[in-house]
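Hi,

Here is the structure I promised to pass on.

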Amino acid sequence: QRLVFVIDTSGSMRKGGRIDAAKRELINAINALPEGVYFNVLVFNVRVASWQPKLLFASAENTEEAATFVQLQGLGPATASFDALEAAMDLDAEAIYFLTAGAPHGGKVDQTFEIVEILTRLNHTRRVTINSIGIGVGPEGNEFDVFLKTLAEKNFGDYRRVDE
């Protein structure tokens, strides 16, 4: 009933039209939100930007505005994954959908194992579900793949690979 979409808008999303596909799928998900759901959208690269300062009701007007916000996003440098996930945790959501194509780089915390450890500790009493979606993460078992899988597993979520 309370969810946050977090989408990577770093340069890694440029390859092969990843950003266009991610925007299209995110907009479809936003448009499919049922009544009674509260949501927000965060985008991140070197900085984190929020569509709204808090979760809003999924009305026709709000979903249209959120879709426009997503569509207007450009790409920037770095992949501040920790910063984006930390901001999402502050929104009092029940579930986070974290979509990225690049390993963490340029945030307050860049080490993947540290990000998982800190977020899991913060989430111990909150029990927010963190679902991770990795686009073009490379071979199974590499550091980026393990990061996204572990992040989801330790935070009550699912991990989905979108291979190219």
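**Aromatic pairs**

Let me start with Trp51, which counts as buried because its relative accessibility is 10%; buried means under 20% relative accessible area, exposed over 50% and partly exposed in between, with a 1.4 Å probe and protein chains only. Before I go on: this is a predicted model, where local features need pLDDT of at least 70, side-chain atom pairs count only at pLDDT 80 or more, and totals for chains, interfaces and linings use all residues. Residues are numbered from 1 along each chain as its sequence is written, and side-chain values use heavy atoms, with hydrogens and water left out.

There are four aromatic pairs in the structure. Rings of Phe, Tyr and Trp (its six-membered ring) pair if their centres lie within 6.5 Å, and planes under 30 degrees apart count as stacked, over 60 as edge-to-face and the rest as tilted. Trp51 pairs with Phe39: the ring centres are 5.1 Å apart and the planes are at 20°, so this pair is stacked. Phe39 sits in strand β2 (residues 38–44) and Trp51 in the loop between β3 (48–50) and β4 (56–57), so the pair ties together parts twelve residues apart in sequence. Helices (H or I, at least four residues) and strands (E, at least two) are DSSP runs, numbered from the N terminus. Phe39 is buried as well, at a relative accessible area of 0%.

Another stacked pair is Phe44 with Phe98, at 5.7 Å centre to centre and 15° between the planes. It links distant parts of the chain, with Phe44 in strand β2 and Phe98 in strand β5, 54 residues apart. Phe44 and Phe98 are both buried.

One more ring to look at is Tyr38: the charged end of Arg2 sits over it, 5.9 Å from the ring centre. For that label, NZ of Lys or CZ of Arg must be within 6 Å of the ring centre and within 35 degrees of the ring normal.

**The largest pocket**

The largest pocket has a volume of about 480 Å³. On a 1 Å grid over the protein atoms alone, a pocket is an open set of points with protein on both sides within 12 Å along at least five of seven lines, whereas a cavity is a set where a 1.4 Å probe fits but cannot get out; lining residues have an atom within 4 Å of a point. Grid points are joined across faces, edges and corners, and the volume is the space filled by probe spheres set on the points.

The lining has 22 residues, and Glu25, Leu99, Ile133, Arg160 and Val162 lie nearest the pocket's centre. At least two lining residues come from each of β1 (2–8), α1 (18–31), β5 (95–100), β6 (129–135) and β7 (159–162), and α1 gives the largest share, six residues. By type, the lining has twelve nonpolar, four polar and six charged residues. Here Ala, Val, Leu, Ile, Met, Phe, Trp, Tyr, Cys and Pro count as nonpolar, Asp, Glu, Lys and Arg as charged, and the others, Gly among them, as polar.

**Loops worth a click**

Asn45 is in the loop between β2 and β3 and counts as buried at 11% relative accessibility. Leaving aside neighbours within four places in sequence, its contacts (heavy atoms within 4.5 Å) include Thr9, Ser10, Ala78 and Thr79. Asn45 and Thr79 are 34 residues apart in sequence, yet 4.6 Å apart in space, C-alpha to C-alpha.

Ala78 belongs to the loop between α2 and α3 and has a positive phi of about 70° although it is not a glycine. Most residues other than glycine have a negative phi. Asp92, also not a glycine, has a positive phi of about 60°; it lies in the loop between α3 and β5 and is exposed, with a relative accessible area of 52%.

**Helix α4**

Leu119 is also one of the buried residues of α4 (residues 112–122), along with Thr112, Ile115, Val116 and Ile118. Among what covers these buried residues are α3 and α5 (143–153).

Cheers
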